[in-house]
Amino acid sequence: MAVKTSILKRLVTQSQRSGMSPQLANATARKKLQQAGILKKGSDELTQYGKKGRPWERLAGLKIEPQSNQAGQ
């Protein structure tokens, strides 16, 4: 497995703090980041879009769980 990017680590940590299991938090964060075009499909690598600027600022509207999403704040 590739080294986790900082945005992936951040979303996984936030989800785990809200009570999600580690496996579910990893899967959900990867899926959401891939849907947003920040991670390449099927890997933990950033896309060109994800490498530009600060990707977590673009995640303000990306919700994993409404109570725990602090991305972009």
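Me: In which helix is the place of L24?

Reply: This is a predicted model, and in it L24 belongs to helix α2.

Me: Why is L24 called partly exposed?

Reply: The relative accessible area of L24 is 46%. Buried requires under 20% and exposed requires over 50%; the value for L24 lies in between, so the residue counts as partly exposed.

Me: How do you know that the length of helix α2 agrees with its number of residues?

Reply: Helix α2 covers residues 22-35, which is 14 residues. The expected span is 1.5 Å times one less than the number of residues, and for α2 this gives 20 Å. The end C-alpha atoms of α2 are 20 Å apart, so the two values agree.

Me: Which residues of α2 are buried, and what does the cover of these residues include?

Reply: The buried residues of α2 are A25, N26, T28, A29, R30, L33 and Q34. Their cover includes α1, residues 6-17. After α2 comes G37, which has a positive phi near 85°.

Me: What is the pattern of the chain, and how many helices and strands does it hold?

Reply: The chain has three helices and zero strands, and along the sequence the pattern reads α-α-α.

Me: What makes the pair D44 and R30 a salt bridge?

Reply: The closest N and O atoms of D44 and R30 are 2.6 Å apart. The criterion asks for a side-chain nitrogen of Lys or Arg within 4 Å of a carboxyl oxygen of Asp or Glu, so the pair qualifies. It links distant parts of the chain: D44 is in the loop between α2 and α3, R30 is in helix α2, and the two are 14 residues apart.

Me: Are D44 and R30 buried or exposed?

Reply: D44 has a relative accessibility of 6%, and R30 has a relative accessible area of 18%. The cut-off for buried is under 20%, so D44 is buried and R30 is buried as well.

Me: How many salt bridges does the structure hold, and what makes K40 and E45 a salt bridge?

Reply: There are two salt bridges in the structure. K40 pairs with E45, their closest N and O atoms being 3.5 Å apart; the limit is 4 Å, so this pair also meets the criterion. K40, at 39% relative accessible area, is partly exposed, and E45, at 45%, is likewise partly exposed.

Me: Why is K52 called exposed, and where does K52 lie?

Reply: K52 has a relative accessible area of 55%, and the label exposed applies over 50%, so K52 is exposed. K52 lies in the segment after α3, residues 48-51. Its C-alpha atom is 9.5 Å from that of I38, 14 residues away in sequence.

Me: Why does K51 also receive the label exposed?

Reply: K51, found in helix α3, has a relative accessible area of 52%. With the cut-off at over 50%, K51 therefore counts as exposed.

Me: Which residues make up the largest nonpolar core?

Reply: This core has 10 residues: I7, L8, L11, V12, M20, A25, A29, L33, I38 and L39. The elements that contribute two or more residues to the core are α1 and α2, and α1 gives the largest share, four residues. Over the chain as a whole, 38% of the 73 residues count as buried.

Me: What is the mean pLDDT of the chain, and which elements have the lowest and the highest mean?

Reply: The chain has a mean pLDDT of 76, and 66% of its residues reach 70 or more. Among the elements, α3 has the lowest mean, 80, and α2 the highest, 90. Over residues 69-73 the pLDDT is below 50, and this stretch has 16 contacts in the model beyond near neighbours in sequence.

How values were computed. Residues numbered from 1 in each chain as written. Heavy atoms only, no water. Buried < 20%, exposed > 50% of the residue type's maximum accessible area, 1.4 Å probe, protein only. Contact = heavy atoms within 4.5 Å. Core = buried A, V, L, I, M, F, W, Y, C linked by side-chain atoms within 4.5 Å. pLDDT = per-residue confidence, 0-100.
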